[in-house]
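Hi there,

I'm passing a structure on to you and hope you enjoy looking through it. Please have it open beside this email while you read.

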Amino acid sequence: SGSSNTRLSPEAQFLWGKANSAIIDQNFAVAIDCCKQVIELSPKAHEPYKTLGYIFEQKNDMKGALQMKNIAAHLHPKDLDLWLEVADFQERLDNKKDALYSIQRVIRRQG
């Protein structure tokens, strides 16, 4: 499929919407729970991982944020902005070798 979004089932889409609403209300516990349910329904979807990455970032858990963003990037390799974000996190956490790998992914995609 040429669509950049993973096709989420209506149930998964509803839960992902609920997660995003919870984030707006700063209700991270509910958002995390909804994201986990989306992952169970659609394990190959990158959206819930990206959302979890954002939540962990808000909670100042940079390692957790990196982990989630990294999974999202591998599930959605065409998202160059996400790879650059991952590289930035890796560099900030002093994972220079990993950061180089992420940057190379972007360069290869653009070439």
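This is a predicted model: local features need pLDDT of at least 70, side-chain atom pairs count only at pLDDT 80 or more; totals for chains, interfaces and linings use all residues.

Residues are numbered from 1 along each chain as its sequence is written, and side-chain values use heavy atoms, with hydrogens and water left out.

The core

The largest nonpolar core has 28 residues, and L52 and I55 have the most contacts inside it. Such a core is a set of buried Ala, Val, Leu, Ile, Met, Phe, Trp, Tyr and Cys residues joined through side-chain atoms within 4.5 Å, where buried means under 20% relative accessible area with a 1.4 Å probe, protein chains only. At least two residues of this core come from each of α1 (10–24), α2 (28–41), α3, α4 and α5; helices here are DSSP runs (H or I, at least four residues), numbered from the N terminus. The most is given by α2, with seven residues. Apart from neighbours within four places in sequence, L52 is in contact (heavy atoms within 4.5 Å) with I32, C35, I39 and M68.

Helices α3 and α4

Helix α3 (residues 47–58) packs with helix α4 (residues 62–75) at an angle of about 165°, and their axes are 7 Å apart. Axes are lines fitted to C-alpha atoms over the stretch in contact, and angles run from 0 to 180 degrees between N-to-C directions. The two are therefore roughly antiparallel to each other, a label for angles over 145 degrees. On the α3 side, the contact includes Y49, L52 and F56, and on the α4 side M62, M68 and L75 are among the residues. By class, this contact of α3 with α4 has 10 nonpolar, two polar and three charged residues. Asp, Glu, Lys and Arg count as charged, Ala, Val, Leu, Ile, Met, Phe, Trp, Tyr, Cys and Pro as nonpolar, and the others as polar.

Helices α5 and α6

Helix α5 (residues 80–92) and helix α6 (residues 96–110) pack at about 160°, with axes 8 Å apart, and are therefore roughly antiparallel too. Their contact has nine nonpolar, three polar and five charged residues.

L80 lies in α5 and touches V106, R109 and Q110, not counting residues up to four places away in sequence. The C-alpha atoms of L80 and S102 are 9.3 Å apart, with the two residues 22 apart along the chain.

Best wishes

Methods:
Angles under 35 degrees count as roughly parallel, over 145 as roughly antiparallel, 65 to 115 as roughly perpendicular and the rest as oblique. Buried means under 20% relative accessible area, exposed over 50%, partly exposed in between (1.4 Å probe, protein chains only).
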